[in-house]
Amino acid sequence: MKGKIESLRQAFEAELGQTATSEAVEKLRVAYLGKKGSVTELLKGLKGAGADQKKELGQHINQLKRQVEERLAQQVETIKAAEIQREIDAAEVYDVTLPTGGESGSYHPITIVQRQLEEIFASMGFIVEDFKEIVTDYECFEAVNIPKDHPARDMQDTYYLENGQLLKTHTSAAQNAILRKYGAPVRAIFPGRCFRNEATDASHENTFFQMEGIMVDKNISISNLIYFMKTMLSQVFERDVKVRLRPGFFPFVEPGFELDISCLICGGEGCSTCHHSGWVELCPCGMIHPNVLKAGGVDPEEYTGFAFGLGLTRLVMMKYGVKDIRDLNSGNLKALSQFRHE
């Protein structure tokens, strides 16, 4: 039996040396490790052996099995590396020092404003966090005080996946993870892409960007929220901006507010962007609901906090005078090239 094991090892190495593709390696794996493979058959052949012999031979066969598995994995990596190198060798050679003809690329306006906001909030002691775009129902809704039967879910027409997860409808989906990661006190912002099955128009898109922010500490009040929002807006627009706070319902804050900004496209006179109201909804905000703090492992009897969901895409529209939100996702270079010198 030992001689047969050694012969099988040598035969495997010879055949492995002949494989040049991932498909060939897979065929070899089946031939040796499959249900009817050569190594598998050796293991089956131990049934009639004595206890001592079965133990010794079993060790040799299992050693052969591990060697076969390792050598197959190594061969797959070798083949992949060779394929990549062939693609590199076949690629067009170009001189990276050649001039580009005077035209230069640019950051997207949303990227420009996001980085500006990150600098502003970092200067005020906020950390910047990133968060995934595919989330669980618990993260997006239940952890922010929106249980399965809550009517507030009807406000967000959600893209669900077959596995029960969903594309996040708001950056609030990160609140629970941030609270559990840092606890209290904490100051954090987390920008990101959001998705809703919206009927698109000049101010609505099915894919848009928000920037969530939270501050949790002892004795935090609405005054703190108003201060940070005014500071942020004055630095972004580099001028005084007319804003208003009005009551708004959001399950994850209590009390809740809508922070509106006077439309900078029409100067507050009314246009298609602001639906002729003179105001653009920019920032739902409020004091974090005790249930949200509890879900994040924070004691609401000891700590309070505020949260805001800044409409990053709409902020870009106001800052740069973009009349139609759809231009920002269009990939229209003519519309976006004006930002190349930012």
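Trainee: Which residues of the largest nonpolar core touch the most other members?

Mentor: Bear in mind that the model is predicted. The largest nonpolar core holds 45 residues, and those touching the most other members are L117, F121, F306, F308, L310 and L315.

Trainee: In β9, which residue is the bridge partner of G213?

Mentor: Strand β5, in which 10 of the 11 residues are buried, is joined to β4 (residues 186-195) by 10 antiparallel bridges, with F190 standing opposite E212 of β5. Strand β5 is also joined to β9, again in antiparallel fashion, by 8 bridges. Within that pairing of β5 with β9, the partner of G213 is F308.

Trainee: How far from the side chain of T40 does the backbone oxygen of G34 lie?

Mentor: T40 sits in helix α3, which covers residues 38-44, and, once its neighbours within four places in sequence are set aside, T40 is in contact with Y32, L33, G34 and K35. For G34, the backbone oxygen and a polar atom of the T40 side chain are separated by 2.7 Å.

Definitions and conventions: Residues numbered from 1 in each chain as written. Predicted model: local features only at pLDDT ≥ 70, side-chain atom pairs only at ≥ 80, totals over all residues. Heavy atoms only, no water. Helix = DSSP H or I, 4+ residues; strand = E, 2+ residues; numbered from the N terminus. Contact = heavy atoms within 4.5 Å. Polar contact = N/O pair within 3.5 Å; in protein donor to acceptor, adjacent residues only side chain to side chain. Core = buried A, V, L, I, M, F, W, Y, C linked by side-chain atoms within 4.5 Å. Buried < 20%, exposed > 50% of the residue type's maximum accessible area, 1.4 Å probe, protein only. Pairing = 2+ DSSP bridges.
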